[in-house]
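Please read this briefing with the sequence and the model side by side.

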Amino acid sequence: MDLSDIDPIKLIATLMVAATPLLLAAIGELVVEKAGVLNLGVEGMMITGAISGFAVAVETGSPWLGFLAAAAGGALLSVLFAILTQVALANHVASGLALTLFGLGLSALIGQSYGGQKPPPMAEVDLGPLNDLPVVGPILFGHDPILYLSLGLVAAVWAVLKYSRMGLVLRAVGENHDAAHALGYKVVRIRVLAILFGGACAGLGGAYISLIRVPQWTDGMTAGVGWIALALVVFASWKPWRVLAGAYLFGGVTVLQFNLQGVGIAIPVEYLSMSPYVITIIVLVLLSRDKSSAPGSLGRIFHASS
Amino acid sequence: MIRLEKRPQPSRAWSMATPLLAVVATMVFGGLLFAALGKNPFVAIQTIFWDPLFGEYSFFYRPQLLVKGAPLVLIAIGLSLGFRAGIWNIGAEGQYIMGALAGAGVGLAFYPLDAWYVFPLMVIAGALGGWAWAMIPGLLKVKFGTNEILVSLMLVYVAELILGSMSTRLLKNPEGYGFPGSRNFNDYPAGNSWIAQDLGMHWGVAAALIAVIFAYVLLNRHMLGFHIRLSGEAPRAARFAGVNPARLILLCLGLAGALAGMAGLFEVAGPAGQINIDFNVGYGFTAIIVAFLGRLNPLGILLAAALMALTYIGGEIAQDNLGLPAAAIQMFQGMLLFFLLALDLLTNYRLRLAVKERT
């Protein structure tokens, strides 16, 4: 075992790649939860995005079209959730679980003929001499465009929620849907839009795994990232920049344990692979005492009685 | 324009009818799905729902109904108690694995001792294994208010990794020529859960029936059952009635874990035969569908589990005969839960044709 084999600069660069699926899914779910909807189907939407993105990218040869299809696929699946919870007034928890179970089955079905294929690679953003800078170069530059998109998305979500009228209305709906309804806001319409946004983000996150991070298709390849994203929103206290910090922290844990496996540390592989899940639980415990920042109407069913 | 009007009381008639309607709707849409996959939908539906029961080889498939149904009933009964009280344990799959590991570990420790007490000890260890695994989210929720949904689910992935480690190292068969997987319990009579293998009868089936009766009595005739229902339907009222929420959480999670653990043990000591990497096949997740489809009612769960077991077996036949992918059945089951949740609208609300009032 030789820990000096682990290159810290490369570690940080790969950490960002490892964290991006989680970041995309979590920032989408943050918006959904801010609107007062608890969608536990993130895992299902991610895996659906992963396969629809993969299939379209392989068929068309364009990773961009793949990502577009992934966002559409995730959003399309989330429509089912929107119908269940906003129109049929079904329980959020049960509907989210149904979405995950359905998404896992659907993706395995579509993915049957795509095992062992290679998706077209996505070109990294070439910033010329900036890439060659020492230390900063490999960390900040030379990533794929989707990674930058995810960072931009965090900033956009933060700005919209904090400074725009749209963000204020969204938060109002999430905090107290009855009051928002009384003020004349279309609670259901706003929530459906939020759910669609969350679905699209989760789909992108899934496709990031199947097209860039792995890149290939295997059944159930999201392996709980969707669930970790849900946990991440909770321990980021529904704040976008904390989601970013949390996602990169988890990316770090994932990459570090892979590296430790690589240098042959004397801990069995399975126990290293457990670490992201165990750490999620530990962080949840440490940070879940403070529930005050949760949206007031989170997970409650809205029915306009008059 | 259709308007929804909340019913003062959930409709009993609709509550019974919606699962049946959901099954019919799933068959219709499932048929369309099979047609889209290029299979004859009528043949596919017949293969899944009719052939295992009344087809040419039904004598072979009928016992399978008990084998697949028993773990579903055991797990779903445990889950339903929690779901009724608003406690969302969705990590039954992990509890199932840990129960199987604990029980099998005890059994393998006694191997090759031939004594009557080996199997009962394995069952107890299995229940304890599942119980302990469920206590993790339980205690964390009680002590720190941690979300039990996320913790129990994370623990499924942890349990799967422990399973992988156990089947390649600690519990590996020393005479297995280096292949992963433990000794086979079917070669160890004292640690075997079969009662009559030809009939598909094993101790898990017996335990499942006992669990149904136990849950029925608990929910309908016992104060604790009333408290469970009360906490789910009116948490504030439950507080005033003197229900201790922490105790209830630990109890519901513990029972669900113990039942899932036992289901895992009965499976490993009989139908599965050995601990191996691919030991778990998703009963813990399907049981969630079973619990809802059975209306969280013990007798309903029995029927729902039979139906789900049928789709498992029928799905396998359809895989062999029609080349229908295994994932199609998984999707089919997810679809069933969708329709059920959507149709439940009719149980809780009345649809009214609203006439626009002119003023």
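At what angle do helix 4 (residues 58–84) of chain B and helix 8 (residues 203–221) of chain B pack, and how far apart are their axes? They pack at an angle of about 30°, and their axes are 8 Å apart, where axes are lines fitted to C-alpha atoms, for helices over the stretch in contact, and angles run from 0 to 180 degrees between N-to-C directions. This is a predicted model, in which local features need pLDDT of at least 70 and side-chain atom pairs count only at pLDDT 80 or more, while totals for chains, interfaces and linings use all residues. Residues are numbered from 1 along each chain as its sequence is written, and chains are lettered from A and ligands numbered from 1 in the order in which they are written. Helices (H or I, at least four residues) and strands (E, at least two) are DSSP runs, numbered from the N terminus.

**Helix 4 and helix 8 of chain B**

- Helix 4 of chain B and helix 8 of chain B are therefore roughly parallel to each other; angles under 35 degrees count as roughly parallel, over 145 as roughly antiparallel, 65 to 115 as roughly perpendicular and the rest as oblique.
- The crossing of helix 4 of chain B with helix 8 of chain B is left-handed, a term used if the near helix is turned anticlockwise from the far one by less than a right angle, with right-handed used if clockwise.
- On the side of helix 4 of chain B, the contact involves Leu66(B), Ala70(B), Pro71(B), Val73(B), Leu74(B), Ile77(B) and Leu81(B), and on the side of helix 8 of chain B the residues include Val205(B), Ala208(B), Val212(B) and Ala215(B); two residues are in contact if their C-beta atoms, placed from the backbone, lie within 7 Å.
- By class, this contact of helix 4 with helix 8 of chain B holds 13 nonpolar residues, one polar residue and no charged residues, where Ala, Val, Leu, Ile, Met, Phe, Trp, Tyr, Cys and Pro count as nonpolar, Asp, Glu, Lys and Arg as charged, and the others, Gly among them, as polar.

**Helix 5 and helix 12 of chain B**

- The axes of helix 5 (residues 92–110) of chain B and helix 12 (residues 283–293) of chain B cross at roughly 135° and come within 7 Å.
- Helix 5 and helix 12 of chain B are therefore oblique to each other, and helix 5 of chain B passes helix 12 of chain B in a right-handed crossing.
- Ala92(B), Glu93(B) and Tyr96(B) of helix 5 of chain B meet Tyr283(B), Gly284(B), Phe285(B) and Ala287(B) of helix 12 of chain B in this contact, whose residues divide into five nonpolar, one polar and one charged.

**Chain A against chain B**

- In the contact between the chains, 39 residues of chain A touch 39 residues of chain B.
- Helix 3 (63–87), helix 4 (92–111), helix 10 (225–235) and helix 12 (269–287) of chain A each give two or more residues to the side of chain A that touches chain B, and helix 4 of chain A gives the most, with twelve residues.
- That side of chain A consists of 27 nonpolar, nine polar and three charged residues.

**Single residues**

- Pro298(B) lies in helix 13 (residues 298–322) of chain B and is buried, with 23 other C-beta atoms within 10 Å; a residue is buried if 20 or more other C-beta atoms lie within 10 Å of its own, exposed if 12 or fewer, and partly exposed in between, with C-beta atoms placed from the backbone.
- Leaving aside neighbours within four places in sequence, Pro298(B) is in contact with Ile77(B), Val212(B), Ala215(B), Tyr216(B) and Leu219(B), and the C-alpha atoms of Pro298(B) and Val212(B), 86 residues apart along the chain, are separated by 5.3 Å.
- Arg352(B), in strand 4 (residues 349–353) of chain B, is exposed, with 11 other C-beta atoms within 10 Å.
- Phi of Leu296(B) is near 55°, a positive value in a residue other than glycine, and Leu296(B) is found in the loop between helix 12 and helix 13 of chain B.
- The peptide bond from Tyr111(B) to Pro112(B) is cis, with omega near 0°.
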